[in-house]
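Open the model in your viewer and keep the selection tool ready. We will go stop by stop.

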Amino acid sequence: MLISSLEGAKEIVKGLNSKDKINYIRQYAYLIHRLFYVQLQETQWKYYYEIGIQENIWCGRVSKKWAAMNSMNYTYGRSKTLIIQRLKTIQRQLQQASQALQQFGNQPLPQCLSEMNPPLDFEKISVMVTAVVRKGQHKLKQQFEHNKKMLKLDSTDHLFVKNVYDLKPNKQQIRSIRNIWKAIQNKKQMEEQIEILKHRIYSNCLPPAFNILDYTLDKIDKILTRSKPSSTNDNDNKQQTILNARRLKKIGRFKYDMLELSIAAGEDKVRYYDKIAKKEKKKLLMITNKFKKNNSDSDLFKQLMAAIEAREKHMIERANYITQQKMKSFFDEAPAMLLSLFFANTIIPLSNEQLLIINKGLKFIPPCQSHFYYPQPMDEIIEQEYKRLYTENCKNLTNYTFSTKDTHATEFFSEVKHLLEELYTKPLPKKLKANARYIYKMIKSMKGKLRKANIAVGQTDKSKLFFFIDAQEYEEKIRNYMSKTNAYQEITSGICPLADDLHSVLTLLDYLQKHNRITKEQYKQIYPNLKTLELAHIYFNLKVHKPEISVRPILASINAPARNISSFLDQLLTPIYNYVTKDITFINSIDLIRKLNEYQQQGYLTSTTLFVIFDVTDLYTMIPRDGAIAALTRFCEKYSINRKIANLNIDTIIRLARIILDTNSFAYKDKYYRQIKGGAMGSPFTMVLANIYMLEWEQKLIQHQNRHHEIYGRYIDDVFMTTNLSKEEILQQLNETMKTDPNIKITITINQALEYLDASIENINGQLKTTIYHKSAWEPYILPYESDHPRHMHANIIYTMLVRAARLCSSVENFDMERLSAEMILLVNGYPPKFIQHHFKNFFLQYDAINMWTELNSEAYQKLHHRLLHKPTRRENKTTVQTNGQFIQNRTTYEHKDQIYLHYTFENGPLVDFKKEYRQIWEQNYVYPGSRLKNTRLILGTILNRTLQNLLIHKKPKRDMLTKIQPTTEAANRTIQERFHQ
């Protein structure tokens, strides 16, 4: 403590290297502490005396029974005699402490200090010790200030109660007044408990009672950790570790559920007390109005109501102050809630500290990456960022016919570069720097440990969390999947198929352009980018929500030869498909609920109505290619005009579709493969092709549902239906449909309560109930608050969670449960309670629904629910529409003449100021009277740094594996030579 008290103190402390020297300093510190302590006491008791004189606040006392009836403290203040006596005692103690310190200072230094070389600077020692003592008494000073504040609050409270009784209310009024005050007191006490509990969750310092949960399962822990002396079986040890991890996960989740339940019960009590207070206020008003008729002194009644209101406000002020004080004196030692927000099927060789970082999830961005994560020097990082900003700015300025080379532009770019240099080289705040370095070192250590232990790290399929699994077991699951689907064929020659695939693509494109089947603009649009060209690669997400823990393949083909063709066909065909199937396609669960509400309003939902869902197994990989192409041909023939879609004839579309399927080659590990069945999951065209194939298969079911006025809708491979037939009858209809195509296998569920997408739907005696469905693999994870994202992104998450709950929940009670669930998720992910409450309040104010939040007003909620349910979602705004008989696609475009977009790399620390500083430079240089940019809005978007997913998960094989040019034919060789050497 002495070292940090003064600049240069480190050298002085080094000289205090013996017990005698340290004891001398301790004795000196004790004397200073004693003096300061008495001085603080003197200040406090003088305040008691002064406020007693000024406001006549001396010793106040009422009976405990009276205090309880009026919801107040029974005593406050100090007697005048006691204060005077105490001040006299303090004066003596102050004199003694001063004399003792003076005598100590007048004594010669002990030999151990006087002979120090260099000599001890006693003045510096005095300053250092004084600083340390003052710092140590900080909490004591706060406590004294708290005592002063409480004296004022308690005495004022007694005064407000006295004012009410001075107005001589009758017995009925007194009874109501006391009931109001009691309800308010109970409400504020419960709100205090809830607020403290929420702060505990946010701080991960749970109430001491939660320790019991850990101790009650102590026997299980001993069983799991007990090892036989003769056992050296690695599998046994692995299984014990996995079981222990599951035990801890379940304990953590149980704590989470109990905390959520505690808050729900507390909030219910708050609403109960609030209702009592409002009920008693109405009763008091009725009594008062009744007496008004028989009494001409209406001013007296007004005074009474004003006095009651004044006391109520003061009770709230006092309770809020006490709560804030309790929040400051926080929980040094408390049990933690260890939620394992990841999936592990093996022993993870990571420390608890490292697992806490893993808990931050895939999308967590470690802070200050420019200072720790990049190998190049800071000058190069600045230059790279400047070049990108320069390029974007040049494009924007050119669009508005500004020169990018004149003196004006040169000065502007110079200021931008200077701003980057200033912010990137500015020292980081100490706390932020220490945290950033700590996380960096932890991540670096984790990489080494996981690599050494041969553990595969990836992303779970539904819950989007990290998974850790033994690499050999992971490979076995992948081999089993490939064997089961029989959709992939190894290229046994070991030759990279990139060159041959490129040759096939270019040969087709050249042919189509030469014969005017596509325009020059289309040729350029779908021509592969040779600079970034590389073979696709495959990776597998783990389906941990499935009992057998299988895998889902994802093909990353963004730079593959046929990728641009895939995107082109997707943009061409998807708008048509969306329009044709708009009545049988669910865009999301909100769309389903709208249709169910309409179905109910039309009287089709009865007490016996059943819901049916089924999903198609491995749709993308199981559809036959020839069958899919045939279905695509029939689709194009049906919805083309003169056998053309846009300017493309059907033959051209089919040839482009075939080249996409025929060049589905990829690398995995150190081998090459070709997909021979279905389409690649991850390719844009695959989804629309699978949808078109399914559209033919489902026609009989659609017609059957239409005849019976029932709902039929599909979201990719998940189908939802309603039926008023018996379970046996609808199963028979589904079985007949399945017989039409052996490639399509479905899993069926029929019931009156089902889960579809993220909605839970129930038929309760002909009444529809809907709420949010949390899948079995669901975990309370969202983007952590401390992730290196712009703060508005965290605010948007809160807004989105509330909007989703209001759309999907049919009742205010279910909405409130989801609102609390959202709050719990936010708290465990580090969102401060004040931040959460601020944005919750903004949401309810925006939709004029504050009373729905505080009172669970059902009528107000139904208005909110209806308003948001029928408000188009962002995805719906991007879907296709039909205009003037032509199929077009609504796209978000940034090419508006009233907007300019610029993207910069976001990072916490000094770089947070970039947005504000850059905007000032822009306005100074280009937003002046008469400027063409005066009425143009500058929108600064962010480029984010690497996530924890990018840093820990390596999906991609080595680059040379993906970029080898190895043509196998003379024709392919000629094509490669021509195109790469143009």
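Helices and strands here are DSSP runs, numbered from the N terminus. With that in hand, select Ile25: you will find this residue in helix α2, which covers residues 19–55. Keep in mind throughout that this is a predicted model.

**Stop 1: the whole chain**

Zoom out. The protein chain has 982 residues, and 47% of them count as buried. Color by secondary structure to see 38 helices and 23 strands. The C-alpha atoms fill a box of roughly 110 × 90 × 90 Å along the principal axes. Now think about contacts between residues at least 6 apart in sequence. Of these, 78% join residues at least 24 apart.

Next, color by pLDDT. The chain has a mean of 87, and 90% of its residues reach 70 or more. Select residues 227–231, where the pLDDT is below 50. Beyond near neighbours in sequence, that stretch has one contact in the model. Then select residues 880–896. Here too the pLDDT is below 50, but this stretch has 26 contacts beyond near neighbours in sequence.

**Stop 2: helix α2**

Go back to Ile25. Is Ile25 buried or exposed? Its relative accessible area is 7%, under the 20% cut-off, so Ile25 is buried.

His33 has 34% relative accessibility, so it counts as partly exposed. Which residues does His33 touch, not counting those up to four places away in sequence? They are Val133 and Gln137.

**Stop 3: the nonpolar cores**

In soluble globular proteins, nonpolar side chains tend to be buried together. Look for that here. The largest nonpolar core has 72 residues. Select Leu569, Leu573, Phe614, Leu632, Leu656, Phe685 and Met721, which have the most contacts inside this core. Which helix gives the most to this core? It is helix α26, residues 684–697, with nine residues.

Now center on Leu573. Leaving aside neighbours within four places in sequence, Leu573 is in contact with Leu632, Cys636, Ile645, Ile653, Phe685 and Val688.

**Stop 4: salt bridges**

How many salt bridges does the count come to? The count is 36. Visit three of them.

Select Asp816 and Arg271. Their side chains meet in a salt bridge at 3.1 Å, N to O. Asp816 is in helix α30 (residues 812–828) and Arg271 in helix α11 (residues 234–293), so this pair links distant parts of the chain, 545 residues apart. Both Asp816 and Arg271 are buried.

Move to Asp662 and Arg625, whose side chains meet in a salt bridge at 4.0 Å, N to O. Asp662 lies in helix α25 (residues 650–662) and Arg625 in helix α24 (residues 625–639), so the pair ties together parts 37 residues apart in sequence. Asp662 counts as partly exposed, at 46% relative accessibility. Arg625 is buried, with a relative accessible area of 16%.

Then pick Glu698 and Arg714. This salt bridge spans 2.9 Å, N to O. Glu698 is in the loop between α26 and α27, while Arg714 is in strand β14, so the pair ties together parts 16 residues apart in sequence. Glu698 and Arg714 are both buried.

Now select Lys198, Glu267, Arg271, Asp816, Arg819 and Glu823 together. Salt bridges that share partners join these residues into one network.

**Stop 5: Glu710**

Finish with Glu710, in the loop between α27 (699–707) and β14 (712–715). Glu710 is buried yet has no salt bridge. How far away is the nearest side chain of opposite charge? That side chain, Arg707, is 12 Å away.

What does the side chain of Glu710 make a polar contact with? One partner is the side chain of Tyr599, at 2.5 Å. Another polar contact, of 2.7 Å, joins the side chains of Glu710 and Thr722. Show the surroundings too. Not counting residues up to four places away in sequence, Glu710 touches Tyr599, Gln705, Thr722, Thr723 and Asn724.

Definitions and conventions: Residues are numbered from 1 along each chain as its sequence is written. This is a predicted model: local features need pLDDT of at least 70, side-chain atom pairs count only at pLDDT 80 or more; totals for chains, interfaces and linings use all residues. Side-chain values use heavy atoms; hydrogens and water are left out. Helices (H or I, at least four residues) and strands (E, at least two) are DSSP runs, numbered from the N terminus. Buried means under 20% relative accessible area, exposed over 50%, partly exposed in between (1.4 Å probe, protein chains only). Lys and Arg count as positive and Asp and Glu as negative; His and the chain ends are not counted. A polar contact is a pair of N or O atoms within 3.5 Å; within protein, one must be able to donate a hydrogen and the other to accept it, and residues adjacent in sequence count only if both atoms are side-chain atoms. Contact means heavy atoms within 4.5 Å. A nonpolar core is a set of buried Ala, Val, Leu, Ile, Met, Phe, Trp, Tyr and Cys residues joined through side-chain atoms within 4.5 Å. pLDDT is the predictor's confidence in each residue, from 0 to 100.
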